[in-house]
Structure formats: C-alpha cells, structure tokens
Amino acid sequence: MTDAPDFRIEHSELRGDDEFSEFTTTDLPYYSDWRGSFEKLPWATDDEALRAADADVAIVGAPLDEGTSSRPGARFGPRAIRMAPTAWGSDYAWSIQLDVEPYEHLTVVDAGDAPIVPTRFERALRVIHEKVFRVASAGAVPIVLGGDHSITYPSAAAVARHVWPRKVGVVHFDAHADTGADQWGNLYGHGEPMRRLIEEGWVAGPNFVQVGLRGYWPEQETWDWMREQGLRWHTMVEVEERGSEAVISDAIAEALDGPDCIYLSVDIDVVDPGMAPATGTPESGGMLARELLRSVRQIVGRVELVGMDVVEVSPPYDHAEVTAILAHRTVMEAISALAKRRADAR
Ligand SMILES: [Mn+2]
C-alpha cells in the first residue's frame, strides 16, 4: 500500500496569520459586506458628521419619482447606483482615464438620502432642498443621485443659495429641455424643473446650457419661452456634427459667461437607450456612454463644480445593471476629475 498523494491546495496560497479577520470591509470586494453606501464610503448623514469628516464631496440620495410623466421607478435609482460599482474596494481606486487615485486627494462620504416619503411630493422637494443645502453648507460638493428630474429644481436652487451672491451656471445633459410650464397642471413635474430655476432667479437664462436635446418635446411655445430667456442649447444633431468635445467647450464658456462656478445636471437619458435603457422617457439617437463620461471629465476638470446630480435612472427597466453602472461611472468621473484638479494644484 502506498500513501495517497498530497492535496496541493494547502500550498497554493499565502495564508494570513488570522484568516478570519484578514480583510477589512474595504479590502473585501465591492459586493461583499456592502453596507449600502456609495463605493463603501463612510456615512456622514448629519451636519455634525459631515463637518467632522471634513468632506470635500458628499453623495446624497433623492429617491423620488412622483414627478414622472411616463415610466416610473426612479425612486429606486439611488439604491441601484450605490449598488452598481464593478470595481474592487474604493481604497485602491485608480482612474485610468485621469491618472489619479481619487480617494488619495479627496475626502468623499455618503450623506445618505433626503428623508422622502411617497405621496407627499412637494414636501419631498422641500426636504431635498434642505438636505442639499445642509451638505453644501458643511463644505462638501453635493452629488445627488435621483430620482426623477424634478429633484434638480430643489437641488440646484440649494447650491445656488449656498454660493449666493456668487452666480452659478448650469450645464444640463438631457434628451429633453425640461422647461415646460406645467405638467397636467402641476408646476413641479420632471418636465418643468429648469423653468422653475430660471423663473425664480436661481440661474440666469443665458447661463443655462443644455446638451443632447432631441426628439419631439417640448412644443414650439416652450422653445419660444426658452429663446426669450436667452437659454442656450446644443442639440444631439450638433453633437453628432461637431463632436462632443467642441460642443462642451462652448457649453462651458456659455455657462460661465458671468458666473464662476457650475452645477452639472445629468439626465441619464442623454445617452442612447441602447446604452442606458433604464430610464423614464427614453429617446433614441443619444450620446454614447463614453461621450458622456468624457464630457463630465472635461467639464469638472476645467471649472469649479459646486454641485451635481445624476437623475432618471429607473432600475426596474434595467438590463444587467447597464444603466446603473453608467450612472455610477458618471459620478466616479466627476469625483476623479475633482481629485485630479486637487492633485494638480499641489
Ligand atoms: Mn430627460
């Protein structure tokens, strides 16, 4: 009788001294021991925690879809975007695009959600405004995860209120202008936020710049209103003809024609539904995912970003997390571009 051969697995890996506690939460892969925050970042859900963290950037969830005119579901957007990363622990994040380790240069936290309940739509808008204002006042750049686009009215107003009397310009990526007068009699639906921001004086019309518009809405009357307000826009046809980089270069100059800082609003439906299917009002013929990501890097790399939102991700319509992953990457490109500016300033 000869002995059985050794089972070689014993010799195939390096073992830690204490295998059970060998890895911390952030060492573990993104899907393991995930406690609900964006990129496993630490929570800082009130003013005190935000100030104690000395956060540069704070993620804010706005799980609201009462303003939706077509397919609902964006209330699940913050959860899906937070869940979406496909990279290993955030501590080691390295941006290939920008040659920077984002968390080396910035303190980023997750500030949690605005305390929204369903059915109380206008209260939701007020608490989003309050949440974003508190985050900005604590010194962090708020990056708000929608939610439908109605959240941009309270969110951008909160940022404009925070920087006041400085003026803020807006770059708004969307298939839709969202400058409607009302939606079946309601002034605050997801087709109206940009009109409310301009009418109330939070942003001057000429500094409100839209990119990616296409399709068949709004109607002529609303375009007339937009012209009267001096809004500037770059249609999808223009992006096709000139390329995104040239268009974004103009958009930055227009948004900063007076103001010295930018609020960035990204409706994920600016991207073609083939690459971002999970959205409330899809419009064929949109930007490529890579064009949006490049545009975000271009803007955040060049201007002072004071606030941002990524909206209209409706996870029930997603496939293989395609849209949530893109929304997550959109946020990551902004964070990395902020980190790159900080690194270069050193
Ligand atoms: Mn839209």
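Guide: Let us begin with one word: two residues are in contact if their C-beta atoms, placed from the backbone, lie within 7 Å. Please also keep in mind that this is a predicted model.

Visitor: With that meaning of contact, which residues does M287 touch, leaving aside its neighbours within four places in sequence?
Guide: M287 is in contact with G212, V239, S244, V270, V271, D272 and L292. You will find M287 in the loop between β7 and α10.

Visitor: What makes M287 count as buried rather than exposed?
Guide: The cut-off for a buried residue is 20 or more other C-beta atoms within 10 Å of its own. M287 has 25 such atoms within 10 Å, so M287 is buried.

Visitor: And how far is M287 from E333, in sequence and in space?
Guide: The two are 46 residues apart in sequence, and their C-alpha atoms are 16 Å apart.

Visitor: Let us move to the sheet. Which strands form it, and in what order?
Guide: There are eight strands, in the order β2-β1-β3-β8-β7-β4-β5-β6, and they form an open sheet with parallel pairing. From one strand to the next, the twist averages 15°.

Visitor: Why are β2 and β6 said to stand at the edges?
Guide: Each has a single partner strand, so one side of β2 (108-113) and one side of β6 (232-235) are left without a neighbour in the sheet.

Visitor: What makes β1 and β2 a pair?
Guide: Two strands pair if at least two bridges are found between them. β1 and β2 have four bridges, in the parallel sense, so they meet that condition. As an example, A58 has V109 in β2 as its bridge partner.

Visitor: How is β2 described, as mostly covered or mostly open?
Guide: β2 is mostly covered, with six of its six residues buried.

Visitor: How do you know which strands pair with β7?
Guide: Count bridges again, with at least two needed for a pair. Strand β7 (residues 261-267) is joined to strand β8 (residues 305-311) by six bridges, and six bridges also join β4 to β7. Both pairings therefore pass the cut-off. I262 of β7 is the bridge partner of G169, and I262 also stands opposite L305 in β8. Another bridge links L264 with M308 of β8.

Visitor: Why is β7 called largely enclosed?
Guide: Six of its seven residues are buried, so β7 is largely enclosed by the rest of the structure.

Visitor: Which helices lie across the strands?
Guide: Among them is helix α4 (residues 121-137), which lies across β1 (57-62), β2, β3 (141-146) and β8 and runs at about 175° to β1. Another is α9, which lies across β4 (168-173), β5 (208-213), β6 and β7 and runs at about 160° to β5.

Visitor: How do α4 and α5 meet?
Guide: The axes of α4 and helix α5 (residues 152-163) come within 8 Å and cross at roughly 35°, and the crossing is right-handed. The residues that meet include L125, I128 and F133 in α4 and Y153, A157 and V159 in α5. By class, this contact has 10 nonpolar, four polar and two charged residues.

Visitor: What about α9 and α10?
Guide: Helix α9 (residues 244-255) and helix α10 (residues 289-302) pack at an angle of about 35°, and their axes are 10 Å apart. Their crossing is right-handed. S244, E245, I248 and I252 of α9 make the contact with E291, R294, S295, Q298, I299 and R302 of α10. Here the classes are three nonpolar, three polar and four charged residues.

Visitor: How much of the protein is buried?
Guide: Buried residues make up 51% of the 346 residues.

How values were computed
Residues numbered from 1 in each chain as written. Predicted model: local features only at pLDDT ≥ 70, side-chain atom pairs only at ≥ 80, totals over all residues. Axes fitted to C-alpha atoms, helices over the stretch in contact; angles between N-to-C directions. Helix = DSSP H or I, 4+ residues; strand = E, 2+ residues; numbered from the N terminus. Left-handed = near helix turned anticlockwise from the far one by under 90°. Nonpolar A, V, L, I, M, F, W, Y, C, P; charged D, E, K, R; others polar. Buried ≥ 20, exposed ≤ 12 C-beta atoms within 10 Å, placed from the backbone.
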